[in-house]
Amino acid sequence: MSRQLRYCPRCARELVFAPRAEGWMRQVCPDTACGFVHWDNPVPVVAALVEYEGYVVLARNKLWPPKMFGLITGFLEREDPDPASGVLREVEEELGLSGDIGGFIGHYPFERMNQLIVAYHVRAAGRIHLGEELAEYKCIDPRSLRPWDGATGRAVHDWLVARGITPPAPEARLHDLPHYAGIDAGLATAGQPSIEQFQLVAAAGFDTVINLAAADSPGALPDEATVTRSLGLHYRHLPVDFAAPRDADFDRFCELMREESGRRVLVHCAANKRASVFVYLWRRLLRGDADADAQAALERVWQPDGTWAQFIARQFERADRRSADVAGP
Ligand SMILES: [Zn+2]
């Protein structure tokens, strides 16, 4: 999050954007005599991968959604003699543990927050007592630790690799998603992912999540929009009534797919029934994929019947009518 200023802190004029000689855009004071430049330098943040009684401690900040856990992090303070001291101070404040540095893991840019993450392995002992910023913590066996997308996740990955543990690639773990069906490199369908599985979706390089489930579908997350956006995913919600899918739903889905073209898209609903049918129809009618391929992908998930068989037939009829209209008499 780039911290934009509105007014010049020296002379109170409204700042403007201007290119610098380095080629960067920066906010500058329009008064050249004042000459203020808002450099917006990255802020150093220390992160601790805390090893405690053989486990790695992950914690959830009170501001995060349920089930989202990360490393212990905090701003480097002016009083910290060095980053290593700063990270030990954070571990003490947030977990109530005294620790020592097991090693420097690396530094990782966190572009979205304009931070530089300085990550350490910290060996800690004592009795865990959560500080005021944390809601809960969990202890994970390093062999079960799965790196997530983002700066601190890369630190976890690098620490595991240095210890000789090769975490499975996120792509290989997408099959953990309920009723997962990969279509191609840019498209997949699934049932309702959990919060941890959305982390996997982001780590596997997806850009967009299209959710066709209703807000009260079985297993629906109360805050899927927040969860996906916090992972940097583009979130589109198109609730489709499973008992009564409408032509307008499919039309809207095609619009969304057009808007998201060029991005890697996961389409999901509750059990991948709605998602697999919509993607099947979109492949046949919009993308022109071969029927055998599209049909096989659909049948791996289910064999639509009743309302859904009728829905599919109706979309083909509508497409036929549209092409007849275009062709004319
Ligand atoms: Zn100024």
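This is a predicted model: local features need pLDDT of at least 70, side-chain atom pairs count only at pLDDT 80 or more; totals for chains, interfaces and linings use all residues.
Here is a short briefing on the fold, from the whole chain down to single residues.

The chain is divided into domain 1 (1-40), domain 2 (43-162) and domain 3 (171-324).

**Overall dimensions and packing**

- The radius of gyration of the protein is 25 Å, whereas a compact globule of 329 residues would have one near 20 Å.
- Taken along the principal axes, the C-alpha atoms fill a box of roughly 80 × 60 × 35 Å.
- Between the C-alpha centres of domain 1 and domain 2 there is a distance of 34 Å.
- Buried residues make up 32% of the 329 in the protein.
- If you take the contacts between residues at least 6 apart in sequence, 65% of them join residues at least 24 apart.

- Three strands come together in an open sheet with the order 1-2-3, and their pairing is antiparallel.
- Strand 1 (16-19) and strand 3 (37-38) are the edge strands; each has a single partner strand, so one side of each has no neighbour in the sheet.
- Strand 1 and strand 2 (residues 25-28) run antiparallel and are joined by four bridges.
- As for individual partners, Pro-19 is bridged to Met-25 in strand 2.

**Helices 6 and 7**

- Helix 6 (residues 247-259) packs with helix 7 (residues 273-287) at an angle of about 70°, and their axes are 11 Å apart.
- With angles of 65 to 115 degrees counting as roughly perpendicular, helix 6 and helix 7 are therefore roughly perpendicular to each other.
- On the helix 6 side, the contact is made by Phe-250, Phe-253, Cys-254 and Met-257; helix 7 contributes Phe-278, Leu-281, Trp-282 and Leu-286.

**Helix 4 and its surroundings**

- In helix 4 (residues 195-203), the buried residues are Phe-198, Gln-199, Leu-200, Val-201, Ala-202 and Ala-203.
- These buried residues pack against several elements: helix 2 (151-162), helix 3 (170-173), strand 12 (208-211), helix 5 (224-230) and strand 14.
- After helix 4 comes Gly-205, which has a positive phi, near 95°.

**Leu-266 in strand 14**

- Strand 14 (residues 265-268) includes Leu-266.
- Is Leu-266 buried or exposed? With 20 or more other C-beta atoms within 10 Å counting as buried, Leu-266 is buried because it has 26.
- Neighbours within four places in sequence aside, the contacts of Leu-266 are Ala-188, Ala-190, Val-201, Phe-206 and Val-209. Val-201 is also one of the buried residues of helix 4.
- Leu-266 and Arg-314 are 48 residues apart along the chain, and their C-alpha atoms are separated by 25 Å.

Definitions and conventions: Residues are numbered from 1 along each chain as its sequence is written. Two strands pair if DSSP finds at least two bridges between them. Helices (H or I, at least four residues) and strands (E, at least two) are DSSP runs, numbered from the N terminus. The radius of gyration is taken over C-alpha atoms; the globule rule is 2.2 Å times the number of residues to the power 0.38. A residue is buried if 20 or more other C-beta atoms lie within 10 Å of its own, exposed if 12 or fewer, and partly exposed in between; C-beta atoms are placed from the backbone. Two residues are in contact if their C-beta atoms, placed from the backbone, lie within 7 Å. Domain bounds come from an automatic or database domain assignment. Axes are lines fitted to C-alpha atoms, for helices over the stretch in contact, and angles run from 0 to 180 degrees between N-to-C directions. Angles under 35 degrees count as roughly parallel, over 145 as roughly antiparallel, 65 to 115 as roughly perpendicular and the rest as oblique.
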